[in-house]
Amino acid sequence: MADKGNVLVRGEADGQSTSDSTADGAVALKSEMKGSPMDSGEDFDMLDSVDDEDEDPPPLEDAGGGEKEMKREEGAREADGKSSDVTDDSPARAEEWLDVLGNGHLKKKVLEAGNGPDSKPQKGQNVKIFLKMSLSDGTVVEEEPCLSFTLGDGDVIQALDLTVLLMEMNEKAIVHTDAKYAYGGLGSTAPAVPPTSPLILELQLLEATDAPDLELLSPQDKIRLAGQKRERGNTYYQRGDYTFAVNSYGIALQITESSSKVDVSPQEEEELLDMKVKCLNNIAAAQLKLDHYDAALRSCVSVLVHQPDNIKALFRKGKVLALQGEYAEAIKILKRALKLEPSNKTIHAELSKLVKKHSEQRDMEQAMYKKMLGNPSSSTLQKHKAKSSWSFSWKWLFGATAVAIGGVALSVVIAARN
């Protein structure tokens, strides 16, 4: 079984913003990075979001033959649309650059063939590789003789996840990757990679084994493995790569929820539940950043099913409800959270803000209702008064007539008796 504790988790967030797409953030940072404030007890402050801008891939370059090109500034040279070191001979084709994604930003070249196509690793397997990482000027920033990670889980920079999947066992290859699939616009401190730096990766696939059966893992191994994935999610969150963060948290959550064929003590069950709650809370935080309000609400509700008084889940649930315009319910939830933790300044601030918004909302609703109903005009009031006066006059006249007729009738009756 491959050692999943050696998962590559490198680099540190440096607080910069980036305009790269979320793929730019498929980064690998150090596993010893401190825990995220999302699951610590200090506060509820959320990181500033990073604006994502999708970048359309450039059009594919023409790789066909044709007329020889004109002389360029620095001398005459021929170009037929192919790499200068590639010929029609079959052995040389192994040295061609493979444009992995078709956009020119990630290229792989085989230096030494491996054990054949059937030896390629599969997504989800644990792999071990030799890695030498250099900047475009040749400066070596990292060298790992035996790097272990789970293929496709996002444990490493995206360039490695994508290219190792295409390698044969024992194959040696070189990869040129744009920053988009490495450390993005933020760069990294360990290894020391400046922002927006393309990289050169020298690779050899050493081993590929099936991932362990989660049902057969001991509870402590599950907790350790889930913790590694969750920390990886925290790394992505710190860098503003919220989609990748949700993916890592989701993998950690699946580990904690997997059934077990081994004995689990009550204490271990409690530890697994605690890890599950942390993952759900962190997923909710990332979903909030992605504006996935319904999903974030479900994550908060799942936490509260297990821990009804979980402060972070209550806070985020209140925040989601407020963002959905449910101010009254949000205020109710936040008051409950504040009652559990009266000294929490973040909850105080959020609650005050919501109370003000709720008041403004009610004022706007009242103004809208008045506008819909409209105010009666003066002419309408005069007509109403005239109608009321006319009605009163008729009633008075009718009453007087009735009295007069009654008096006449009474006089007739008295005269008849006499």
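Predicted model: local features only at pLDDT ≥ 70, side-chain atom pairs only at ≥ 80, totals over all residues.
**Entry 1: helix α5.** I looked up the extent of α5 and found residues 266-289. The helix has 24 residues and reaches 35 Å from its first C-alpha to its last. I compared this with the 34 Å expected at 1.5 Å a residue, and the two values are close. Just after α5, I noted that D291 takes a positive phi of about 65 degrees.

**Entry 2: C279.** I then picked a residue within α5, namely C279. Is C279 buried or exposed? Its relative accessibility is 0%, so I count C279 as buried, the cut-off for that being under 20%. Next I listed its contacts, leaving aside neighbours within four places in sequence. C279 touches R230, Y249, A252 and L253. I also checked T256, which is 23 residues from C279 in sequence. In space, their C-alpha atoms are 9.2 Å apart.

**Entry 3: strands β3 and β4.** I moved on to β3 (residues 126-135) and β4 (residues 140-150). In which sense do these strands pair? They pair in the antiparallel sense, over 8 bridges. I found N126 opposite T150 of β4. The two strands form a hairpin with 4 residues between them. In the turn, G138 has a positive phi of about 95 degrees.

Terms used:
Residues numbered from 1 in each chain as written. Heavy atoms only, no water. Buried < 20%, exposed > 50% of the residue type's maximum accessible area, 1.4 Å probe, protein only. Contact = heavy atoms within 4.5 Å. Pairing = 2+ DSSP bridges. Expected span 1.5 Å × (residues − 1).
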